[in-house]
Amino acid sequence: MLTPAFRMMRNTGKIEVKKWAFALGVLLVSGVSAHAETMQSGFLMKGTRYQTPYYIKKGDKPGATIVVVGGCHGDEVAGYQAARLLKSWKVEEGTLVLVPDAHIEAIRRNVRAYPRNMNRLFPGKANGDAMEKLAFETWTLIKNSKPQLLLTLHESRGFYAREKARYGQTFTFDFDELKPQFGKIADTVNASIEPPLHKFLLKVEAFDTCPTYCAWKWLHVPATSIETTRTLPLPVRIDMQLKACGAFFDSYGLRVTRPK
Ligand SMILES: [Zn+2]
């Protein structure tokens, strides 16, 4: 037989459970509507050994479109691993077009290029060899996305701050006129990077067959490579790539929620 006190506790418990169930329902419903994102996907180089996925992640509100390409070079691990992680970022405003593993065969082999450097073949050729076609299909996706920004994620040996021939810890791009807009973003990212040697510097060097060059030259889309240094620990490099991407997204108006 239940004592009155225990009966009261049990009843209170039921009410509490109902309250929680209601709160959870509200949370789930509002959670779904706040993070509605649609994702389309497809393949570049479909049906070949170079077949690689791309993703188009659209938020439910308008915002900037940004294309991010990782893995143009197969031994630049932080670049493609960061790009893969971006797939789990929820887009709320704008569109993220993502090619995490652009040159998937070079990634499988852990080599920079196989058999040629796709990153020096832009805008590519529809009827060229495999690397020219890969560059062409990547370029076509970039062009058709009508983006406000293109980011390519790379890695380098050494630090640009120490040796001017190196690219490590830089935003490397092709045109001086992009310095003011990219400089502001470097400042934002660098505020959270402690060692002076690890802070991102701007490096301007034009390669006329690079995707970043073609994007600004032919489409007037600002574009840069984000280059981390391979002697730093991999988790640190991935984190820096993601911090940089996040700062670019904020600055250009692509609103996202990063997973916890
Ligand atoms: Zn590279």
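I worked on a predicted model, where local features need pLDDT of at least 70, side-chain atom pairs count only at pLDDT 80 or more, and totals for chains, interfaces and linings use all residues. Numbering starts from 1 along each chain as its sequence is written, and side-chain values use heavy atoms, with hydrogens and water left out.

**Strand β3.** I looked up β3, residues 61–70, and found seven of its 10 residues buried. Buried means under 20% relative accessible area, exposed over 50%, and partly exposed in between, with a 1.4 Å probe and protein chains only. Helices (H or I, at least four residues) and strands (E, at least two) are DSSP runs, numbered from the N terminus.

Next I checked its partners; two strands pair if DSSP finds at least two bridges between them. β3 runs parallel to β4 (residues 90–99), with six bridges joining them. In that pairing V68 stands opposite L98. With β5 (residues 149–156), β3 pairs in the parallel sense over five bridges. There I noted G70 opposite L153.

**Zinc site.** I listed the donors: H73 (ND1), E76 (OE), E76 (OE) and H154 (ND1), at 2.1 to 2.5 Å. Donors are N, O and S atoms within 2.8 Å of the metal (3.2 Å for Na, K and Ca); water is not among the atoms, so sites may look incomplete. The donor residues follow the spacing H-x2-E-x77-H.

Why is the arrangement irregular? The four donor atoms subtend angles of 56 to 150° around the zinc ion. Four donors count as tetrahedral if all angles lie between 85 and 135 degrees; four count as square planar and six as octahedral if opposite donors are over 155 degrees apart and all others between 65 and 115; anything else is irregular. H73 is buried at 3% relative accessible area, and E76 is buried at 2%.

**H198.** I found H198 in the loop between α5 (179–190) and β7 (201–204). Its relative accessible area is 17%, so H198 is buried. Leaving out residues up to four places away in sequence, H198 touches F159, Q169, I193, L232 and M240; contact means heavy atoms within 4.5 Å.

**Aromatics.** I counted seven aromatic pairs. Rings of Phe, Tyr and Trp (its six-membered ring) pair if their centres lie within 6.5 Å; planes under 30 degrees apart count as stacked, over 60 as edge-to-face and the rest as tilted. F182 and F248 pair edge-to-face, 5.6 Å centre to centre with 75° between the planes. F182 lies in α5 and F248 in α7 (residues 234–252), so this pair ties together parts 66 residues apart in sequence. Both F182 and F248 are buried. F171, F173, F182, F200, F248 and Y252 form one aromatic cluster.
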